[in-house]
Amino acid sequence: MSAMIEVRDLSKTYASGTSALSGVSLDIREGEILALLGPNGAGKTTFISILCGLVTPSGGKVTVGGHDILRDYRAARALIGLVPQEIALEYFETVINTVRFSRGLYGKPADDAYLERILRALALWDKRDAKLKELSGGMKRRVLIAKALSHGPRILFLDEPTAGVDVNLRREMWEVVRGLKSEGVTIILTTHYLEEAEEMADRVGIIDKGRLLLVRDKSDLMHEFGRKVLTVELTEPITALPPALSSLELSSDGLRASYRYDAHADRTGIARLLASFAAEGISVRDVATEQSSLEDVFLRLVRDLA
Ligand SMILES: Nc1ncnc2c1ncn2[C@@H]1O[C@H](COP(=O)(O)OP(=O)(O)OP(=O)(O)O)[C@@H](O)[C@H]1O
């Protein structure tokens, strides 16, 4: 896959003096889904806003489809659709007029057949004549996507598409995004949810304090950082673990032994481990597993890469 977006040494310092991005370089491939993960204030929205031409960079260079985003703004912008974080819509307007109007803003000729295709794909066709104020939260979010797609962009930016939405709606959004990918749209989304990145992304980029800490294929990242911890609670305290269980860590009260493992490995070693407890005559009261959270991944990365 060739690079659809090339970002070189991008930086942004706001007039307030806040350095929101520094030295970010990245190629985004045509047709991929790239998830950008990062804590609040990491610089994700600034990054997207620069690529979409809403914020002027302080330094560096970005091309979109070969067009420089500053010198060749219109050509670059025509390739991009943006679904913003905030829902800001004209509540008394109808769905179809909202989408027609967005297309017109890009100077594109009317094309109701194209808009029908988008609205059908987003399950909004039946609601085309409804006023936006009559729609559910999930439908409003889909209208934002329809607006962003109205001019036929090849790249779609989604800024926290599922922040604060319920599980069903999140899954519904994932389906929509997958459908767009299958049509060849390049998708860049920001998220706080590791699960969302895991579910959707081909590649994951991690941003912290304005720096791109890494970009990896999702499967590599989950393999490397997606650890789980199994905690085995014992009926009676023990003073030391027998050699067969030396890969575990014993708590100071001798009542809990924990085992860190790769949840994505073919063999996790758990069955063998539990059998070893039985063979050693150590009685187990309970077991619990805990998945490393995005926060753990960050802490580890920030510690290792800073
Ligand atoms: N218009 C602005 N003027 C001054 N500072 C800004 C502006 N926009 C963002 N910032 C600052 O730049 C830094 C990066 O913010 P940004 O919104 O890009 O982060 P983010 O990763 O998108 O965060 P969130 O997950 O909370 O949306 C923050 O310190 C923020 O306060």
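The questions and answers below go from the whole chain to its parts.

Biologist: How many helices and strands are there in the chain?
Modeller: The model is predicted. Its C-alpha atoms fill a box of roughly 75 × 45 × 35 Å along the principal axes. As for helices and strands, the chain has ten helices and 14 strands.

Biologist: How far apart do the C-alpha centres of domain 1 and domain 2 lie?
Modeller: The chain is divided into two parts, with domain 1 covering 3-223 and domain 2 covering 226-305. Between their C-alpha centres the distance is 40 Å.

Biologist: What share of the contacts in the chain with a separation of 6 or more comes from residues 24 or more positions apart?
Modeller: A contact here is a pair of residues with C-beta atoms within 7 Å. Among contacts with a separation of 6 or more, those between residues 24 or more positions apart account for 69%.

Biologist: Which residues is A146 in contact with, leaving aside its neighbours within four places in sequence?
Modeller: With the neighbours within four places in sequence left aside, its contacts are V99, I118, L119, L122 and L124.

Biologist: Why is α1 largely enclosed by the rest of the structure?
Modeller: In the chain of 306 residues, 30% count as buried. In α1 the buried residues are K44, T45, T46, F47, I48, I50 and L51. Helix α1 is largely enclosed because its buried residues number seven of the eight.

Biologist: Which residue just after α1 takes a positive phi?
Modeller: The helix α1 spans residues 44-51. Just after α1, a phi of about 80° is taken by G53.

Biologist: Which helix gives the most to the shell around the ligand?
Modeller: The ligand is surrounded by Y14, S16, T18, A20, G38, N40, G41, A42, G43, K44, T45 and T46. These divide into three nonpolar, eight polar and one charged. The helix that gives the most to this shell contributes three residues, and is α1.

Conventions
Residues are numbered from 1 along each chain as its sequence is written. This is a predicted model: local features need pLDDT of at least 70, side-chain atom pairs count only at pLDDT 80 or more; totals for chains, interfaces and linings use all residues. A residue is near a molecule or strand if its C-beta atom, placed from the backbone, lies within 6 Å of it. Helices (H or I, at least four residues) and strands (E, at least two) are DSSP runs, numbered from the N terminus. Ala, Val, Leu, Ile, Met, Phe, Trp, Tyr, Cys and Pro count as nonpolar, Asp, Glu, Lys and Arg as charged, and the others, Gly among them, as polar. Domain bounds come from an automatic or database domain assignment. Two residues are in contact if their C-beta atoms, placed from the backbone, lie within 7 Å. A residue is buried if 20 or more other C-beta atoms lie within 10 Å of its own, exposed if 12 or fewer, and partly exposed in between; C-beta atoms are placed from the backbone.
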